[in-house]
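Visitor: I would like to go through the side chains of a model, one question at a time. Please show it to me.

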Amino acid sequence: MSAHQDNDTGCLTGQCGPPIVKDTPTQERAPFDPLDSTTFTHPEIDKLSPQVIIEFCDRCRWLHRATWIQTELLLTFPPPAIQSITLIPLNTQETGARFRVWLLAENSMQLVWDRKMAGGFPELKELKQRIRDVILPGKSLGHSDTHKAELS
């Protein structure tokens, strides 16, 4: 065991939270070894909810915009509020100029933003509000939040 590894959690950085306890399967597994890939288990992506999917046109060079939005959403809605954000670069004629943000929550996929339908890219403030209204309706977004009193 490394001198930097936490004995209880297996954390190598000292910055990890408490371990997530899952139901143990009926068959026995080899003990986890952070340096032995045969003891790794893959993430169960289909069970992660809520999750955000960002589709973007790679030919339009929108990777930086997609990763910036991904970072901002993870900072605003850290896990477990959003469990996963997936980036899907698209590179076909049919998907040219596409930039869409999808939200999977409670087994329902909904379109949060489409650049072509909306006439442009989302303002981060509005995108965060739309996602918040679905996954955490009572959460304050601080200074970037629109207050209901301002809307009337």
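Guide: What follows is a set of questions and answers on ring pairs, the nonpolar core and salt bridges.

Guide: This is a predicted model, so local features need pLDDT of at least 70 and side-chain atom pairs count only at pLDDT 80 or more, while totals for chains, interfaces and linings use all residues. Residues are numbered from 1 along each chain as its sequence is written, and side-chain values use heavy atoms, with hydrogens and water left out.

Visitor: How many aromatic pairs are there?

Guide: Rings of Phe, Tyr and Trp (its six-membered ring) pair if their centres lie within 6.5 Å; planes under 30 degrees apart are stacked, over 60 edge-to-face, and the rest tilted. By this rule the number of aromatic pairs is 3.

Visitor: Which kind of pair do W62 and F121 form?

Guide: The ring centres of W62 and F121 are 4.8 Å apart. Their planes stand at 85 degrees, so the pair is edge-to-face.

Visitor: How many residues apart in sequence are the parts that W62 and F121 tie together?

Guide: Helices (H or I, at least four residues) and strands (E, at least two) are DSSP runs, numbered from the N terminus. W62 lies in the loop between β1 (51–57) and α1 (63–76). F121 is in the loop between α2 (115–118) and α3 (124–135), so the parts tied together are 59 residues apart.

Visitor: Is W62 buried or exposed?

Guide: Buried means under 20% relative accessible area, exposed over 50%, and partly exposed in between (1.4 Å probe, protein chains only). F121, with 24%, is partly exposed. W62 has a relative accessible area of 15%, so W62 is buried.

Visitor: Which kind of pair do F99 and F121 form?

Guide: The rings of F99 and F121 have centres 5.2 Å apart and planes at 80 degrees. F99 is in strand β3 (residues 99–105), 22 residues from F121. Ring pairs link W62, F99 and F121 into a cluster. With that plane angle, the pair of F99 and F121 is edge-to-face.

Visitor: At what distance from the ring centre of F121 does R65 lie?

Guide: A charge sits over a ring if NZ of Lys or CZ of Arg is within 6 Å of the ring centre and within 35 degrees of the ring normal. R115 lies over the face of F121 at 5.8 Å. R65 also lies over the face of F121, and its distance from the ring centre is 3.7 Å.

Visitor: Which residues of the largest nonpolar core touch the most other members?

Guide: A nonpolar core is a set of buried Ala, Val, Leu, Ile, Met, Phe, Trp, Tyr and Cys residues joined through side-chain atoms within 4.5 Å. The largest has 23 residues. Elements giving two or more residues to this core are β1, α1, β3, β4 (108–114) and α3. The residues that touch the most other members are V52, L73 and I131.

Visitor: How many salt bridges does the structure hold?

Guide: A salt bridge is a side-chain nitrogen of Lys or Arg within 4 Å of a carboxyl oxygen of Asp or Glu. One of them joins E55 and R98 (3.5 Å, N to O). The number of salt bridges is 5.

Visitor: How far apart are the closest N and O atoms of D114 and R100?

Guide: D114 is in strand β4 and R100 in strand β3, 14 residues apart. D114 is buried at 8% relative accessibility, whereas R100 is partly exposed at 24%. The two form a salt bridge, and their closest N and O atoms are apart by 2.5 Å.
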